[in-house]
Structures are given as C-alpha cells and as structure tokens.
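Dear colleague,

Please find below the structure that I am handing over to you. A short account of the findings follows it.

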Amino acid sequence: MEPEKPPEPSQDSASLLKRLAGPSSTKAGLAHDQTAINRTIAEASKGSKFYENEKRKDKELSERIAKILKQRDEALQGIDIRPIERNIDHLLEELESQRDLSQIVVHVDMDAFYCSVELLDDPSLQRKPFAVGGGVISTASYEARKFGVRSGMATFVAKKLCPDLILLKSNFERYSEMSDKVMDIFERYDPTMLAAGCDEGYLNITKYCEEHMVDADTCVQQIRDTVFRETSLTVSAGIAPNKMLAKICSDKNKPNGQYPLPFDCTSIKAFMHDLSIRKVPGVGRVNERLLEALGIKTCGDIFKHRATLQLMDKQFGLIFLLRTYLGVASNVVQPIQREERKSIGAERTFHALCNKIQILRKLEEVAGELEDDMVRGGWTGKTVTLKYKLDTFQVFTRAKSFDRWVSSKKEDLFAIGKELLLPELPLTLRLIGLRVTKLKDLHAPEPAGGIKRFFESEKLSPNKRPRLASNSEDCDDVEDDAGEDHESMPGFYEEEENAEGRGLDAPDDEEPTRISHDLNPPHHERRTRPPVSAPGPSRTRPSDSPFSATTSKPISARQGDRTRHQECPICGKMLETDNKGLNAHIDFCLSRNVIMEAQTETQSIVKKTKDLVLSWPSAAKGKRKRKC
C-alpha cells in the first residue's frame with residue numbers, strides 16, 4: 001500500500017488571505033481581529049481573475065522569501081557575527097548623533113475625507129455605513145469600516161461584508177474645493193508646509209509656537225479647532241520631532257484626535273520598540289512579509305537581527321531600518337519644487353475590453369486628459385510610456401524615447417500611444433494610461449549652456465523623488481540619484497504604484513485618475529485621490545520590485561529611435577547615441593582635464609586650511625552635541 005501523499009497547502013493560506021485584504025488593512029477604524037473579515041473577502045473573490053492574480057503573486061513572493069532565507073543561511077554559515085554587530089553598533093551611535101529634537105513637526109490627516117465632505121452635503125448619512133467610489137471603494141466611512149470595508153476594495157466585496165452599505169459617486173470638484181480651504185488654514189501656521197495629498201500634509205510649527213508663545217499641543221489644537229470651525233471637517237494630528245514619527249502619531253488617536261510624542265530619546269526609542277513594522281511609512285505589504293520571514297515583526301526586532309540585515313543590505317536597506325529602530329528621520333518640511341517633478345500622466349480604469357476600437361477610444365480619452373495637464377502645467381518631455389493592465393490584472397509598460405521634446409497635443413500623444421499599443425494587440429484590457437517623463441519645465445528660464453554646466457553644482461532637494469520604472473527595459477527612463485535618502489525600504493514605491501487600481505472591477509464611467517509620480521505636488525496642482533504618502537523618498541531599483549509580471553514582454557516600439565554606435569574622438573569610447581549626445585560627450589571630454597585640475601587645486605587648498613585649523617589649540621573643541 002502506497003503511503004498517503006501529504007495534503008497540498010490550502011490556497012487560502014494566511015499570507016494569501018492577508019494579501020486579498022488589500023493595502024488598507026491597517027486603516028484606522030477597522031476591527032483589530034480581521035480574520036473573519038478576511039475569510040469573507042477571500043470567499044467573495046474566489047473564481048475571479050483578480051483572485052488568481054493575487055494567488056500567483058502570493059506564490060511568487062513565497063518563493064522569493066524561500067530564496068532569501070536560503071541566502072541568509074548561506075551568508076551566516078560558519079561566520080562570527082559579533083564583529084558585524086559591533087560595527088553596526090558603531091553605526092547606530094553615528095546615526096544617534098544625527099538626531100535633531102529642535103523642530104516641531106506635525107502630520108495633519110483629514111478623517112475619512114471624501115466621506116466627511118459628503119456628510120456636509122447630506123447629514124442624513126450620519127451614523128450610517130456608506131462609502132465613496134464606483135467599482136472600487138475610494139473612501140469608507142468609519143461606520144462602514146466596522147464591517148471591514150476599506151479603500152481599494154471591490155464594491156461587490158464591500159457589499160458582501162456590509163449588505164446595507166450606501167454607495168456614493170465621487171464628486172472630485174467638491175473634494176478639491178474643500179481641500180483648498182483646509183490647506184489654506186494649514187498654511188497660516190506654516191507657509192512652507194508640505195502637502196502630501198489632497199487630505200494630509202506636514203507642518204513645521206516651531207517658528208509659529210515661538211512667535212505666539214504657545215506650546216505644540218495648544219497650537220495643534222488651535223489648528224484642528226480652526227479647521228472644524230471654518231469647514232465643519234475634523235482632522236487628526238501627530239506631533240513629533242520628525243516627519244516619520246509625526247505620521248505614525250497622527251494615526252494613534254483617529255478620528256478627530258491628536259497625539260504628542262515626548263521630545264526625548266528614551267521616550268522615542270520606547271515608542272518605536274513595540275511598534276509593528278507595518279506601521280512605519282516606507283514599509284509596504286511585501287517588505288512586511290520579507291521582514292517577518294526573518295523574525296522582524298516590530299521595530300525592536302531590527303536590533304536583534306542587525307547582523308543579518310547587514311549581510312542582506314541590498315534586499316532590506318540596513319540604514320533605513322536602523323534609523324527606523326532609533327526613530328531618526330528627516331525633519332525638513334518644505335513644498336515640492338517644480339524642478340523636482342519627474343513625470344506627468346493620466347490613466348483610466350474600465351470594464352474589461354477586447355474590442356480594438358473601444359480600447360483606442362479609451363487611449364484617446366487618456367491622451368486628452370494628459371494634454372490638459374501638460375498645457376495647464378507647462379510641461380513637455382522626451383519619453384512617453386504606455387501602461388496597460390490585462391484582465392488578468394498583470395501590468396505592462398511600453399516606452400519610446402525621442403531626441404526632441406514631445407508635443408503636448410492630444411493627437412500627437414495618442415499617435416505615440418497607439419504606436420506602442422498596436423503591436424501588443426489583441427489583448428483584453430481593464431486599464432490604460434500614458435506617462436511623459438524626462439520633463440522640461442516650459443515656465444523655467446533656460447539653463448546656462450556650454451562648458452559652464454560642468455562647473456555648476458547640482459541642486460539636490462531633500463524631497464527628491466525616485467524615477468519609477470515598471471520594467472528593466474525602461475532603464476533609459478530612470479535617472480540615478482546622487483545620493484540615498486534612506487526614507488523607505490527597497491522597492492517600496494514600485495509596490496505602491498502596482499497597488500493602484502487593484503480592485504476587481506470598475507464601471508465604464510469610472511472617473512479618470514491622473515497620475516503624477518511626484519511624492520508631494522503642490523496642493524493647488526494635486527488630484528483629489530486617496531493619497532499614499534511617506535515622509536520622504538529613497539532611491540529604488542527596478543530589480544527590487546516583486547511584481548515580475550511587468551518584465552515579461554520586450555518593448556516593441558523603440559527600434560525607431562535615431563541612435564547609433566559612435567566613437568568619441570577624444571577618449572575613444574564607443575557610445576550608443578545620436579549626434580547631439582555625441583557633441584555633449586565631446587564637450588565633457590574637452591573640459592574634463594580643466595575640471596580635474598581645478599578640483600586638484602581646490603582639494604590642495606582645503607587640505608592646507610584643514611591642517612592649519614587642526615593645529616590651532618582651540619580648534620580641538622567641537623560643537624556640543626545634543627544630549628538625550
């Protein structure tokens with residue numbers, strides 16, 4: 001008699017159930033134990049293409065985790081981790097020395113914003129479960145959240161959880177109007193606030209508190225009272241020394257509350273120690289599972305596994321996690337600058353379509369929306385990317401770069417998108433979008449040309465957003481940042497972008513979603529969509545993305561780019577570029593020796609000056625560091 005085969009693992013594994021629950025499962029107002037709710041979501045989703053896609057992604061991630069654990073075991077085999085831990089302990093001391101407790105940062109977050117605005121216009125909705133959205137829930141009221149309804153959820157699943165759910169269509173003009181009113185109030189307390197979406201932002205109230213001789217708690221209460229008095233909307237807030245901590249704190253007393261974190265190192269470390277790693281801005285659902293596989297469930301666990309994280313820095317981002325463990329992050333609050341914008345785009349979700357004419361009609365509509373944004377904002381660019389999602393929920397991108405600035409006319413954008421799309425047909429699609437990158441600001445003065453550009457220092461912003469690319473072939477669409485900001489785990493922004501529009505189905509008249517791959521555009525340029533924010537960006541690599549489905553097809557329409565192999569007559573290097581690129585490279589080669597000589601001379605002067613200063617007796621006394 002043959003032995004029984006071991007039972008196959010259930011498709012409703014704990015990880016799959018959690019994945020099906022969606023990225024908003026940590027929202028305020030949801031039940032603490034969501035086991036039964038997650039089961040209902042899984043049962044309602046079964047049999048759909050969405051369910052099969054999520055199951056595939058869950059399996060891929062499980063396989064990735066198995067590989068990472070194998071790499072960890074191989075890396076740790078036969079080595080003494082104590083020297084590694086000592087080195088990291090020194091690094092922790094260095095990071096601790098960077099802690100700045102001098103600034104009062106506030107994260108303000110409107111409570112269930114869309115639903116709260118709807119309540120203003122229809123008070124009869126009070127104490128009733130309702131949500132805003134079409135095929136996908138945009139925002140759920142707190143009464144609906146008690147049943148497990150949350151943003152990003154398919155409407156029919158929400159109805160399964162809450163049969164009495166009232167569904168309202170989105171009214172973006174009204175939300176935008178109220179958003180502007182709220183942001184105007186915030187700017188009274190910090191004129192250079194950082195808007196993180198239509199309903200949240202960061203304020204530095206240090207100066208205001210000093211000038212008005214009020215403490216932080218009183219000031220934030222005033223802000224919240226003013227918002228309610230002038231708009232009848234409620235806002236929650238977190239008060240802390242930096243943006244990461246402030247955002248975490250703003251979720252502690254939701255809705256309509258505030259949470260001040262004590263401004264001392266001991267309190268901050270204690271606050272972070274038992275905090276779930278998923279509560280940290282910059283840690284997505286995928287990275288949560290990766291960390292849990294290592295045994296890291298709370299921020300305090302980071303210290304215990306610090307040697308492993310050092311050995312696997314590429315996968316996990318050691319510096320970001322060490323800063324998280326300490327509660328150290330950026331406290332720079334300033335609005336996004338126009339020159340920091342990296343892309344501009346629009347996309348639309350709809351019922352699955354396979355008819356070529358209907359698909360092209362949707363593409364034309366998206367091109368029209370993109371034209372409006374480009375003309376209104378004063379933007380052009382050199383690369384156009386087509387994004388589409390199949391009815392199986394797999395996402396693909398195709399891109400084409402030009403040696404000229406792309407026209408912002410609807411017909412031209414549509415023609416480029418059509419050129420990229422037609423070779424891929426026939427397909428069944430449920431989302432289509434266009435994005436323009438390598439932007440030029442038409443409102444900005446022309447930069448100095450010629451050899452001068454090599455002597456000008458690059459201006460870097462603390463809020464610089466990484467360029468996102470959905471597949472490896474789009475690497476010409478990715479610019480290397482000059483430095484790491486260490487404000488998120490690797491792959492976080494790709495995960496957030498892939499999570500957009502994850503719902504099971506959407507109606508044909510679903511409102512268009514204009515996408516802008518800036519972290520925090522100025523609030524008067526924002527689109528009223530549910531924001532997913534983090535305190536700041538970090539450079540990410542396309543290879544870090546767990547969503548490998550985006551890399552399975554080659555780009556079809558790039559062969560027409562006018563580039564060829566050319567040899568530089570100065571350095572002899574072979575370049576794949578056009579004549580304009582070759583001329584720019586020659587300019588650089590001709591100026592390189594001059595630059596190197598100038599740098600050598602400058603370094604020599606700096607060294608002599610430093611030696612002279614260090615030899616001066618009183619110079620040994622450095623600035624006193626802030627003690628905790």
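Two strands are said to pair if DSSP finds at least two bridges between them; helices (H or I, at least four residues) and strands (E, at least two) are DSSP runs, numbered from the N terminus. The model is predicted: local features need pLDDT of at least 70, side-chain atom pairs count only at pLDDT 80 or more, and totals for chains, interfaces and linings use all residues. Residues are numbered from 1 along each chain as its sequence is written, and side-chain values use heavy atoms, with hydrogens and water left out.

The chain contains 21 helices and 16 strands. Of its 628 residues, 51% are buried (under 20% relative accessible area, 1.4 Å probe, protein chains only).

Strand β13 (residues 429-437) has 9 of its 9 residues buried. Strand β11 (residues 383-390) runs antiparallel to β13, joined to it by 8 bridges, with T385 opposite R435. Strand β9 (residues 343-353) also pairs with β13 in the antiparallel sense, over 8 bridges; here E347 stands opposite G433.

A further group of 5 strands forms an open sheet with mixed pairing, in the order β5-β6-β1-β7-β8. Because β5 (194-195) and β8 (258-260) each have a single partner strand, they stand at the edges, and one side of each is left without a neighbour in the sheet. Helix α11 (residues 243-250) packs on this sheet and touches β1 (105-110), β5, β6, β7 (235-240) and β8, where contact means heavy atoms within 4.5 Å.

Technical notes. Buried means under 20% relative accessible area, exposed over 50%, partly exposed in between (1.4 Å probe, protein chains only). Axes are lines fitted to C-alpha atoms, for helices over the stretch in contact, and angles run from 0 to 180 degrees between N-to-C directions.
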